[in-house]
Amino acid sequence: MKFYIATKNAHKIAEFDRILSPLGIELISENDLPKPLPDVDETGTTFAENAYQKASVACKLLGMPCIADDSGICVDALGGAPGVYSARYAGEHGNNEMNNQKLLRQMENVPDENRGAHFACAVCCCFPDGRVLTAEGKCYGSIARAPRGTNGFGYDPLFLYGDVTTAEMTNEQKDEISHRGRALRDFVEQISKYI
């Protein structure tokens, strides 16, 4: 069964594929389309609202099941920021280096005991018949004082889970504990009843 995944992020596509392919779900992305879909303005105030916006627009345009997610990092000392603005925290969408540097500057004088944070993810799947599935996951940790590790993307080099950053984990270790991994396992449980 083919599902469209509404992301241009190759890391996310690979992560979704690892978890969904055992169900017989074949993911296609924008790279597989004859022409790109229009960008969707993410105007939601929650990760779930943004995921739904992306999935519903793609589903209407393509007439096939569409999956989208929205995720980010929420830092306690910053009142939950950057939250839904994680990808564009420093002003340029998807510039991981700038986003990480801004977060480090914001956290420079925050003591270790107040550096708590969590990654959050919402996954939404819209079907042409109107069904909508939504799953969410969180992973709690803290913010490191300097980037560590090279496996991952986004804020992974700064997010400490225990003594290691998520960028220092293998893909399998990360899938086990990550916000997206948790949301996808919940999603798999839901979607397995429909396919």
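First, the ground rules. The model is predicted, so to speak of local features we need pLDDT of at least 70, side-chain atom pairs count only at pLDDT 80 or more, and totals for chains, interfaces and linings use all residues. Residues are numbered from 1 along each chain as its sequence is written, and side-chain values use heavy atoms, with hydrogens and water left out.

Aromatic pairs. Rings of Phe, Tyr and Trp (its six-membered ring) pair if their centres lie within 6.5 Å; planes under 30 degrees apart are stacked, over 60 edge-to-face, the rest tilted. That rule gives 2 aromatic pairs. Take Phe3 and Phe127. Their ring centres are 6.0 Å apart and the planes meet at 85°, so this pair is edge-to-face. Phe3 is in strand β1 (residues 2-5), while Phe127 is in the loop between β4 (116-126) and β5 (132-143), 124 residues apart. Strands here are DSSP runs of E, at least two residues; helices are runs of H or I, at least four; both are numbered from the N terminus. Phe3 is buried, at 0% relative accessibility. Phe127 is buried too, at 6%. Buried means under 20% relative accessible area, with exposed over 50% and partly exposed in between (1.4 Å probe, protein chains only).

Now Phe119 and Phe159. Centres 4.4 Å apart, planes at 45°, so tilted. Phe119 sits in β4 and Phe159 in β6 (residues 159-161), so the pair ties together parts 40 residues apart in sequence. Both are buried.

Back to Phe127. The charged end of Arg131 sits over its ring, 4.2 Å from the centre. Lys102 likewise lies over the face of Tyr89, at 4.4 Å from the ring centre. The test: NZ of Lys or CZ of Arg within 6 Å of the ring centre and within 35 degrees of the ring normal.

What about the largest pocket? A pocket is an open set of points on a 1 Å grid over the protein atoms alone, where a 1.4 Å probe fits, with protein on both sides within 12 Å along at least five of seven lines; lining residues have an atom within 4 Å of a point. Of the 40 lining residues, Thr7, Lys12, Glu42, Lys54 and His93 are the closest to its centre.

Last, cysteines. A disulfide needs two cysteine sulfur atoms within 2.5 Å. The count is 0. Cys126 is buried, at 4% relative accessibility.
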